[in-house]
Amino acid sequence: MKITPRPLIAGNWKMHGTKLFASEFARDLAGRFASNIGDRFDLLLCPPAPLLTVVGEVIQSTPIALGGQDCHATAQGPHTGDVSAGMLMDVGCTYVIAGHSERRSNHRETDAVVRDKSKTAQKGGLIALICVGETLEQRETGNAVDRVVRQLRESLPEASQPQNTVVAYEPVWAIGTGKTPTPDDIAEVHLGIRIAISELMDNPGELRILYGGSVKPENAAEILAVPNVNGALVGGASLKPDNFLAIAEGCP
Ligand code: PEP
């Protein structure tokens, strides 16, 4: 029997929010999903590190998951400003984003760094949500699938399995721009990822492959219906509970 993974709708708040915003947002969401999200989708919130406990305390008895936006590749040590996978676990996280394009560009994170961070996260018991995506130039020169698959192979730790990994395809040019690839373009990249994964993991059909980049309520249903799209990583539109939920409601 073919198993299709349940879609995951993940909200990446990036560097937005205050304690008040975080508690009101979490209360609103938790109020709607106190004990049961239903069986159409899973929800994940990734607030900035200082707001993890605020959100975590509100959602801890709900099915909504908590995730960090980054973690260091080592377990502890002299790394001012960084957080470890263990610290994220300690405040209730089950996920961590690794290799978001903003970290790759702002902090010069290479595929090797992303792989090391993801490995440490997986070893510590977190699910690594590993981001990959092409630039506009790579898309325009027809190299999107090759580029994404190469980046994925180099960013993915050896022990990656569907239980400890989520992959997010996020075209760099689509993040925060309001632009999105066509459904056919998304399908092509997601299929390329699924094929690559089948050489790297057992049960590749169970791996969740999210699409990210300017997902909003108006385009969510069309994107979430694309073959091999198993959810969305949402930035800007995850900052309003109604928008975030409207996206999740777009799951097939
Ligand atoms: C993101 O940053 O992961 C993202 C997808 O952002 P946005 O939805 O705002 O494009």
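Asn-228 sits in the loop that runs between helix H9, residues 217-224, and strand S8, residues 231-234. This is a predicted model, so please hear everything I say as a description of that model. Buried or exposed, or something in between, for Asn-228? Its relative accessibility is 23%, so Asn-228 counts as partly exposed; the buried class stops at under 20%.

Arg-108 belongs to the loop between helix H4, residues 101-106, and helix H5, residues 111-123. Its relative accessibility is 72%, and because exposed means over 50%, Arg-108 falls in the exposed class.

Now to a pair of helices. H1 covers residues 19-32 and H2 covers residues 52-59. Their axes come within 9 Å and cross at roughly 20°. Angles under 35 degrees count as roughly parallel, so H1 is roughly parallel to H2. The crossing of H1 past H2 is right-handed.

Which residues make the contact between H1 and H2? On the H1 side they are Lys-19, Ala-22, Ser-23, Ala-26, Arg-27 and Ala-30. On the H2 side they are Val-54, Val-55, Val-58 and Ile-59. Sorted by class, this contact has seven nonpolar residues, one polar and two charged.

Methods:
Residues numbered from 1 in each chain as written. Predicted model: local features only at pLDDT ≥ 70, side-chain atom pairs only at ≥ 80, totals over all residues. Heavy atoms only, no water. Helix = DSSP H or I, 4+ residues; strand = E, 2+ residues; numbered from the N terminus. Buried < 20%, exposed > 50% of the residue type's maximum accessible area, 1.4 Å probe, protein only. Axes fitted to C-alpha atoms, helices over the stretch in contact; angles between N-to-C directions. Parallel < 35°, antiparallel > 145°, perpendicular 65-115°, else oblique. Left-handed = near helix turned anticlockwise from the far one by under 90°. Contact = heavy atoms within 4.5 Å. Nonpolar A, V, L, I, M, F, W, Y, C, P; charged D, E, K, R; others polar.
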